[in-house]
Amino acid sequence: MTQPSARTQSPEPRLATLAIHGGQAPEPHTGSIMPPIFQTSTYVQPGLDQGWPWEYARVQNPTREALERNVASLERASHGIAFASGMAAIDCVARLLSAGDHVVCEENTYGGTTRLATQVLNRAGLSFSFVDSRDPQRIRDALQPNTRLVLLETPTNPMMRLCDLRAAADATRDAGVLLCVDNTFATPVNQRPHETGADIVMHSTTKYLNGHSDIIGGVLTVRDPDLNERLRFLRKSTGAVPGPMDCWLCLRGTKTLHVRMREHNANGLAMARFLEAHPAVEEVHYPGLPSHPQHELAARQMTGFSGMVSVTLPTEDAVRRLVEGTRIFALAESLGGVESLISVPALMTHASVPRERREEMGVSGRVVRLSVGIEDPQDLLEDLDRALGRGPGW
């Protein structure tokens, strides 16, 4: 019996191949291997009523669409919708709802998401319940007859909590509720929520997808064509689109995502192990460590644990000495770039979250968040050791 050829089998490309080629083709007029930057606001029409696909750059831009196809392929989705920021992407998801609708949201989410919910969207008639989604039953218990959306983030920012995505998808499917997962920390290299039942996956492309700390952007991916059309209509109507240069830069970033994430994963684990053994550190929050209370879940639903590490120190004075004492880790907000960053969430990314809520989640002034870059790991270890007060000075 003749065996089918590799060509007829057409296996789906693996992630490393998709990162470089997913949704991409050489530009047809010149053969350019990279998508051009279509820096234009409008397009000349050949005539009235001739079905021309290009009208206005808020609605269509070939560079933006190339990025959308690429990220959708990485998330094993059918459609991507790019935005001017991660917050614009989350806002667009919320605009699927109507006044009187209810949202269940992970309590330990990014501070900007909490601010959007409690200071902006609530004024538009949406109500929110914030839950600790480490226990999927809490998601089910928080569902109400008017719940239309469950918004999760796993691992969470900054305490690295996990949600069982398959259990969350079961809960939302049973209730007929949309499930949106912020996959920024994990990236599609380490976790693909669509494969466990998420309806919408969100990324701040500012972070790992771009990876070079030089753009602001966001993206949503979906599999359902009707949901794609609804989100595109909302984006067209509200106008929160990224510029073509930012899209092109992000495409440059996704082409090396799989390579960079190998280094981020390795360096993140190395820093977490080092810090866990350091006498100046009280606690390390990193799902790749066996000591993490959800390590078994992390090993089951993730293939890597990224470069995000949080630590709790004994005092706020120790925090100040650490964040102001590093030479390679730069004191700055954001994350996911090739360079290492260090921050204090309670004073920076989560300053807008009420103090009582922060402290209930463990986000005290004694917590430091590291975005571990891809520098030489020994240099990073020595930098942290010196700043923690044990290593020799430079």
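Modeller: The second largest cavity holds about 50 Å³ of space. A cavity here is a set of points on a 1 Å grid over the protein atoms alone where a 1.4 Å probe fits but cannot get out, and a lining residue has an atom within 4 Å of a point; points are joined across faces, edges and corners, and the volume is the space filled by probe spheres set on them. The model is predicted, with local features requiring pLDDT of at least 70 and side-chain atom pairs pLDDT 80 or more, whereas totals for chains, interfaces and linings use all residues. Residues are numbered from 1 along each chain as its sequence is written, and side-chain values use heavy atoms, without hydrogens or water.

L67, A82, F83, T205, I215, I216, G217, G218, P242, D246, C247 and C250 line the second largest cavity. Strand 1 (79-83) and helix 10 (244-254) each give two or more residues to this lining, and helix 10 gives the most, three. Helices (H or I, at least four residues) and strands (E, at least two) are DSSP runs numbered from the N terminus. By class, the lining of the second largest cavity has eight nonpolar, three polar and one charged residues; Asp, Glu, Lys and Arg count as charged, Ala, Val, Leu, Ile, Met, Phe, Trp, Tyr, Cys and Pro as nonpolar, and the others, Gly among them, as polar.

The count is two cavities of 30 Å³ or more, and the largest cavity contains about 90 Å³. Its lining consists of I90, V93, A94, L97, V103, T113, L116, A117, L121, F128, L149 and L151. At least two residues come from each of helix 4 (86-94), helix 5 (111-119) and strand 4 (147-153). The lining of the largest cavity has eleven nonpolar residues, one polar residue and no charged residue.

T349 lies in the loop between strand 11 (341-343) and helix 14 (355-360) and is buried, at a relative accessible area of 7%.

Closest to its centre, out of 24 lining residues, are G86, M87, Y110, S204 and K207. Helix 4 contributes the largest share of the lining, three residues. The lining of the pocket divides into eight nonpolar, eleven polar and five charged residues.

Finally, the structure holds zero disulfides (cysteine sulfur pairs within 2.5 Å). The sulfur of C92 is too far for a bond, because the closest cysteine sulfur, in C180, is 10 Å away. C180 is likewise in no disulfide, the nearest cysteine sulfur being that of C105 at 9.6 Å. C92 is buried, with a relative accessible area of 2%, and C180 is buried with 1%.

How values were computed. Buried < 20%, exposed > 50% of the residue type's maximum accessible area, 1.4 Å probe, protein only. 1 Å grid on protein atoms, 1.4 Å probe; cavity = no way out; pocket = protein on both sides within 12 Å on 5 of 7 lines; lining within 4 Å.
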